[in-house]
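Open the model in a viewer and keep the sequence panel beside it. The stops below say what to select next and what is there.

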Amino acid sequence: TSARASLAYGSVDAAGLDAMTTKFGGDGVTVWDGRVIFAPLTSAAVGVFDPATNAFTLVPAGGDAQFKGGALANDGRVVFAPAADHSFVGVFDPETDTFTKFDAGVAFGATHPFKGAARLGDGRVAFAPAQATFVGVFDPETLETSFISTPAQPGGPANGWYSGASATRDGRVVFTPRNSNDILLMRLYCVVEAPA
């Protein structure tokens with residue numbers, strides 16, 4: 001015989017959110033102390049929920065936040081995927097409860113360039129291309145963003161090719177197909193230079 005646990009649910013009043021519409025986007029990210037961090041989509045603040053106390057707080061992120069989903073960096077910070085045509089990557093630091101935007105150096109050229117993020121094996125964070133024609137890769141150590149072109153896709157990107165990202169145990173990232181006919185995989189390759 002097998003026992004099955006019963007399920008129950010409840011809700012917590014998230015004070016201050018009742019006047020907002022979409023609020024946050026993508027999956028929440030659990031940080032080292034157990035709190036769950038929500039990416040600001042239309043909210044002007046990062047959402048921080050502590051399941052130990054049921055406390056909910058907002059950390060200012062600026063009026064043009066527009067991020068959807070995030071991933072935990074090796075150093076414990078949360079990196080948010082850009083979800084609007086601005087040129088910023090968002091980073092939340094749970095040690096100081098602060099949010100910082102880092103310039104990616106280029107406007108993404110789409111209303112919804114990315115949806116979701118996952119950490120690569122070397123600690124960089126990859127953004128799932130929704131309407132973008134490339135994967136965005138943010139390095140939390142150097143604070144730089146690079147871009148990798150994706151294979152050609154049928155049709156246009158209007159509805160988004162991929163809608164999320166997951167990390168695998170071997171350090172790869174798997175992108176969730178939305179309107180793509182392919183599951184997109186990203187793998188790290190090490191290039192070792194011969195000694196001089």
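Select Arg 77 to begin. Arg 77 is buried, with a relative accessible area of 16%, where buried means under 20% relative accessible area, exposed means over 50%, and partly exposed lies in between (1.4 Å probe, protein chains only). The term stands for a side-chain nitrogen of Lys or Arg within 4 Å of a carboxyl oxygen of Asp or Glu.

A note on how to read this model: it is predicted, so local features need pLDDT of at least 70 and side-chain atom pairs count only at pLDDT 80 or more, while totals for chains, interfaces and linings use all residues. Residues are numbered from 1 along each chain as its sequence is written, and side-chain values use heavy atoms, with hydrogens and water left out.

**From Arg 77 to Thr 96**

The C-alpha atoms of Thr 96 and Arg 77 are 10.0 Å apart in space, and the residues are 19 apart in sequence. Thr 96 is in the loop between strands S7 and S8; strands (E, at least two residues) and helices (H or I, at least four) are DSSP runs, numbered from the N terminus. Thr 96 is partly exposed, at 48% relative accessibility. Select Thr 98 as well: its side chain makes a polar contact of 2.7 Å with the side chain of Thr 96. A polar contact is a pair of N or O atoms within 3.5 Å; within protein, one must be able to donate a hydrogen and the other to accept it, and residues adjacent in sequence count only if both atoms are side-chain atoms.

**Asp 97 and Arg 35**

Which residue meets the side chain of Asp 97 in a salt bridge? The partner is Arg 35, with 3.0 Å from N to O. Asp 97 sits in the loop between S7 (88-93) and S8 (98-103) and Arg 35 in the loop between S1 and S2 (36-38), so the pair ties together parts that are 62 residues apart in sequence. Arg 35 counts as buried at 10% relative accessibility, whereas Asp 97 is partly exposed at 34%.

Next, select Asp 122 and Arg 124. Their salt bridge has its closest N and O atoms 2.7 Å apart. Asp 122 is partly exposed, with a relative accessible area of 39%, and Arg 124 is also partly exposed, at 25%.

Show the strands as a cartoon. Strands S1, S2, S3 and S4 form an open sheet in the order S1-S2-S3-S4, with antiparallel pairing; two strands pair if DSSP finds at least two bridges between them. At the edges are S1 (29-30) and S4 (55-60), each of which pairs on one side only. S3 (residues 45-50) and S4 run antiparallel and are joined by six bridges. Select Gly 47 to find Leu 58 of S4 opposite.

A polar atom of the Ser 43 side chain lies 2.8 Å from the backbone oxygen of Ala 45.

**The sheet S9 to S12**

Move on to the open sheet with the order S9-S10-S11-S12, whose four strands pair antiparallel. S9 (114-119) and S12 (144-149) each have a single partner strand, so one side of each is left without a neighbour in the sheet. S9 and S10 (residues 125-129) run antiparallel, joined by four bridges. Within this pair, Arg 119 stands opposite Val 125 in S10.

**The whole chain, coloured by pLDDT**

Zoom out. The protein has 15 strands and zero helices. Buried residues make up 42% of its 196 residues.

Colour by pLDDT, the predictor's confidence in each residue, from 0 to 100. The average is 80, and 74% of the residues score at least 70. Among the elements, S2 has the highest mean pLDDT (96) and S15 (residues 184-186) the lowest (58). Finish at residues 189-196, where pLDDT stays under 50. That stretch has zero contacts beyond four places in sequence, a contact being heavy atoms within 4.5 Å. Where pLDDT is low, the predicted coordinates should not be read in detail.
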